[in-house]
Amino acid sequence: MRRLRTAFALVGATLCTLAGVALPTTATTASATSAIVQADPTPAAPKKLFTIRDDRIKESSGLAKSVKHPGTYYTVNDSGDTGRVFAIDSTTGKVEAVLRFGAKVSDVEALGVDRNGTIYIADIGDNKADREQIEIYTIPEPETLEDADVKYHQFDFKYPDGAHDAETLLIEPGTSQLYIVTKELKGTGAIYAAPPAPSRQGTNDLSKLAPAPSGIITDGTFLPDGQRVVLRTYTDVATVAWGDTPTVVARGAAVLGQGETVAVGPTDNTVLVGSEGANSAIYQLTAPAKAVASTPPSAGATPKQATTSDSGNSDSGKNHNLRWIIIGAGLFALIITIVTFPPGRRERLDRQAENDRLTGQSPPTGHRRPHV
């Protein structure tokens with residue numbers, strides 16, 4: 001009997017331990033899930049990529065990445081120069097080629113290159129806000145980088161609400177749709193869209209798309225995904241989620257200097273920024289991004305949103321197993337109680353018989369009362 005009680009006690013204790021382990025499992029999992037919530041790591045510091053060392057480039061006011069020549073960037077001078085574009089080696093900062101087009105430019109402020117290798121030269125500067133129209137010129141990227149005179153196309157545009165100063169040309173990667181962002185020293189600028197297929201005959205009407213983000217915007221570029229735009233001001237860079245209402249999602253400090261240029265960097269999430277002046281230094285930095293709300297379960301995996309049936313089945317399975325463990329532990333505890341506390345009636349009779357035998361007393365004769 002003693003061995004049986006010991007065995008029951010061991011089995012019951014084991015089941016109680018299992019129930020105790022199972023009970024806090026859900027809470028522990030929830031705590032672990034909440035513990036992985038964290039912010040994005042701090043982005044890398046700006047890295048100096050190259051310096052434009054050429055006496056002909058005194059006021060770099062536009063920067064664009066080549067699509068035909070890896071490691072090459074194009075730049076132009078601010079107002080006062082002739083119609084020409086410089087191809088720069090991004091490892092040395094030296095001029096690889098000068099592309100001359102015959103247009104009489106006024107105030108070139110921005111550059112862009114579309115997916116087909118067409119270079120856009122935006123003559124959109126207007127400090128006095130008195131130009132009746134602005135011009136954008138296009139030239140093809142050359143097959144070989146060497147000094148050349150190239151043919152150009154001219155597109156004329158006008159604003160729907162009067163003249164504006166502007167230094168930013170945006171080219172949507174998938175469609176080559178053009179946008180111009182105006183520069184306002186006081187107040188807020190605006191984003192204007194060109195017609196989807198501008199004409200070289202007559203003047204194209206721009207349409208106002210949305211207010212521009214705050215700041216004196218001096219340049220901008222679409223990132224390769226076409227969903228984000230990086231805008232440059234004198235003091236910082238801002239990442240904008242593109243759409244019907246472009247919205248700033250993150251800002252980051254830029255290097256010191258009169259910030260004038262921004263272009264797509266060597267990788268999709270980096271940009272290059274530069275400033276005016278001789279020997280202009282070009283820095284590479286990570287495009288600002290908003291903090292991540294939580295860490296995904298595995299690298300590169302897309303978290304799957306749990307459906308009602310999924311979560312219900314999971315919780316039901318856990319609760320079902322836990323319920324049977326607790327029921328089993330309770331039954332064994334009851335058996336232990338019955339077997340061990342107190343001894344049963346048969347055990348008391350056996351003990352009494354043994355005592356009577358040892359003392360020589362006669363055993364009781366049943367349970368009937370003696371007859372009087």
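The model is predicted, so local features need pLDDT of at least 70 and side-chain atom pairs count only at pLDDT 80 or more, whereas totals for chains, interfaces and linings use all residues. Residues are numbered from 1 along each chain as its sequence is written, and side-chain values use heavy atoms, with hydrogens and water left out. Nine salt bridges are counted, a salt bridge being a side-chain nitrogen of Lys or Arg within 4 Å of a carboxyl oxygen of Asp or Glu.

**Salt bridges between parts separated in sequence**

- Lys68 and Glu143 form a salt bridge in which the closest N and O atoms are 3.0 Å apart. Because Lys68 lies in the loop between strand S2 (60-65) and strand S3 (72-77), and Glu143 in the loop between strand S8 (134-140) and strand S9 (148-149), the pair ties together parts that are 75 residues apart in sequence; strands (E, at least two residues) are DSSP runs, numbered from the N terminus.
- Lys68 is partly exposed at 35% relative accessibility, while Glu143 is exposed with a relative accessible area of 62%; buried means under 20% relative accessible area, exposed over 50%, and partly exposed in between (1.4 Å probe, protein chains only).
- Arg100 pairs with Asp149 in a salt bridge whose closest N and O atoms are 2.8 Å apart. Arg100 belongs to strand S5 (residues 95-100) and Asp149 to strand S9, so this pair ties together parts that are 49 residues apart in sequence.
- Arg100 counts as partly exposed at 35% relative accessibility, whereas Asp149 counts as exposed at 62%.

**Other salt bridges**

- The side chains of Asp225 and Arg228 meet in a salt bridge with an N to O distance of 2.8 Å. Asp225 is partly exposed, with a relative accessible area of 38%, and Arg228 also counts as partly exposed, at 23% relative accessibility.
- A network of salt bridges links Asp123, Arg131 and Glu135.

- Leu178 is found in strand S12 (residues 178-182), and with 6% relative accessibility Leu178 counts as buried.
- Apart from neighbours within four places in sequence, Leu178 is in contact (heavy atoms within 4.5 Å) with Tyr120, Ile136, Leu169, Leu170, Ile171, Tyr192, Ala193 and Ala194.
- Between the C-alpha atoms of Leu178 and Asp114, which are 64 residues apart along the chain, the separation is 9.9 Å.

Definitions and conventions
Helix = DSSP H or I, 4+ residues; strand = E, 2+ residues; numbered from the N terminus.
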